[in-house]
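Below are my entries, in the order I looked things up.

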Amino acid sequence: MTDDWNDYADGWDDNSDVRRYANRAFASLDDHLNLRGKDWRSKRVLDFGCGTGLLTEKIAPYVEEVVAVDTSENMIAVLQEKQLHNVRAVHGDILAGDVPEVGNRFSGFDLICASSVCAFLPDYSGAVAVLAGLLNKGGHFVQWDWQASDDDGFGLTLNQMKAALEAARLGSLRVERIFEFKSDEQVMPVLIGAGVRNTE
Ligand SMILES: C[S@@+](CC[C@H](N)C(=O)[O-])C[C@H]1O[C@@H](n2cnc3c(N)ncnc32)[C@H](O)[C@@H]1O
């Protein structure tokens, strides 16, 4: 194992577990927001920590544009090779304001999603606050992360997720176990955390 995401880019899309995770995330997103409905056709989406775009490519057919951002150059290179016509793949760290597009339509999103990203961030709560600020009023934030068994375990707990979404002043919160992966002896639950930017 390495902790450099660049090392995982080649072959990421061949991993059946990550594909299954993206499928389950998209299914729950569609259930939650009716993403395949006509209301979304004119909307802009940010896929934060998009990796090779496994979730991006599922969302893109139903919306106007997906801006897909990741700090891993190699992950973004794989996504760029897919040449999805309404996807802007951006390498950079938007949390540090370190992307060339800042100031160039890098806000005003109707949906920001983060699939298996937030638990890896050094300042999860701060990140949600930054991302919430990039939403249009009434825009949605949706994340999926492995559920941690306690505050020190890998992943996020229900309480940590709820606290971060509340601290980012998101409303209409939904924080719950949404699906799980089963291996031989282990069950690995996944949480969804969703909220809406206030319209005032
Ligand atoms: C487990 S992968 C998930 C990738 C993708 N969302 C998927 O479901 O296939 C985590 C991703 O988060 C990205 N990442 C980590 N920190 C980030 C940050 N500060 N900004 C953007 N992306 C980040 C990594 O480079 C990696 O591609």
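**Entry 1: serine 115**

Where is the place of serine 115? I looked it up and found serine 115 in strand E4. A reminder to myself before going further: this is a predicted model.

Is serine 115 buried or exposed? I read a relative accessible area of 16% for serine 115, so it counts as buried, the cut-off being under 20%. Then I checked what sits around it, leaving aside the neighbours within four places in sequence. Serine 115 is in contact with Tyr21, Ala25, Phe48, Gly49, Leu55 and Trp144.

Phenylalanine 120 has 37% relative accessibility, so I noted it as partly exposed.

Which residues form a nonpolar patch on the surface with Phe120? I found Trp5 and Phe154 there. Together the three have about 300 Å² of accessible area.

Next I looked at strand pairing. Strand E2 (residues 65-70) pairs with strand E3 (residues 87-91) in the parallel sense, and I noted five bridges between them. To get from E2 to E3 the chain passes through helix H3 (residues 73-81), and this β-α-β crossover is right-handed. I also marked one facing position: aspartate 70 stands opposite histidine 91 in E3.

The loop between H3 and E3 holds glutamine 83. I stopped there for its backbone: phi of glutamine 83 is near 50°, a positive value in a residue that is not glycine. Glutamine 83 counts as exposed because its relative accessibility is 69%, and the cut-off is over 50%.

Which residue in strand E6 (residues 170-182) did I stop at? It was serine 172. Serine 172 has a positive phi of about 50°, although it is not a glycine. With a relative accessible area of 66%, serine 172 is exposed.

**Entry 2: salt bridges**

How many salt bridges does a search of the whole structure find? The search gives 10. I went through some of them.

- Lysine 162 and glutamate 166 meet through their side chains in a salt bridge, at 3.2 Å from N to O. The two are separated by about one helical turn, because they are four residues apart in helix H5 (residues 158-167). Lysine 162 is partly exposed, with a relative accessible area of 41%, and glutamate 166 is partly exposed too, at 42%.
- Glutamate 176 and arginine 174 form a salt bridge at 3.1 Å, N to O. I have glutamate 176 down as partly exposed, with a relative accessible area of 32%. Arginine 174 also counts as partly exposed, at 22% relative accessibility.
- Arginine 177 and glutamate 180 form a salt bridge at 3.9 Å, N to O. Arginine 177 is partly exposed at 48% relative accessibility, and glutamate 180 is partly exposed at 30%.

I also found Asp13, Glu57 and Lys82 linked in a network of salt bridges.

**Entry 3: back to glutamate 166**

How far apart are the C-alpha atoms of glutamate 166 and serine 125? They are separated by 9.5 Å, while along the chain the two are 41 residues apart.

**Entry 4: histidine 32**

My last stop was histidine 32, which has its place in helix H1 (residues 16-33). Histidine 32 counts as partly exposed, since its relative accessibility is 27%.

Which residues is histidine 32 in contact with, leaving aside its neighbours within four places in sequence? I found Val142, Arg174 and Ala194. Arg174 was already on my page, from the salt bridge with glutamate 176. For valine 142 I checked the spacing as well: its C-alpha atom and that of histidine 32 are separated by 9.5 Å, with the two residues 110 apart along the chain.

Methods
Residues are numbered from 1 along each chain as its sequence is written. This is a predicted model: local features need pLDDT of at least 70, side-chain atom pairs count only at pLDDT 80 or more; totals for chains, interfaces and linings use all residues. Side-chain values use heavy atoms; hydrogens and water are left out. Two strands pair if DSSP finds at least two bridges between them. A crossover is right-handed if, with the strands pointing away from the viewer, the path from the first strand over the helix to the second runs clockwise. Buried means under 20% relative accessible area, exposed over 50%, partly exposed in between (1.4 Å probe, protein chains only). Contact means heavy atoms within 4.5 Å. Patches are made of residues with over 30% relative accessible area and no salt bridge: like charges are joined within 9 Å, nonpolar side chains (Val, Leu, Ile, Met, Phe, Trp, Tyr) within 5 Å. Accessible areas come from the Shrake-Rupley method with a 1.4 Å probe; for residues, only the protein chains shown count as cover. A salt bridge is a side-chain nitrogen of Lys or Arg within 4 Å of a carboxyl oxygen of Asp or Glu.
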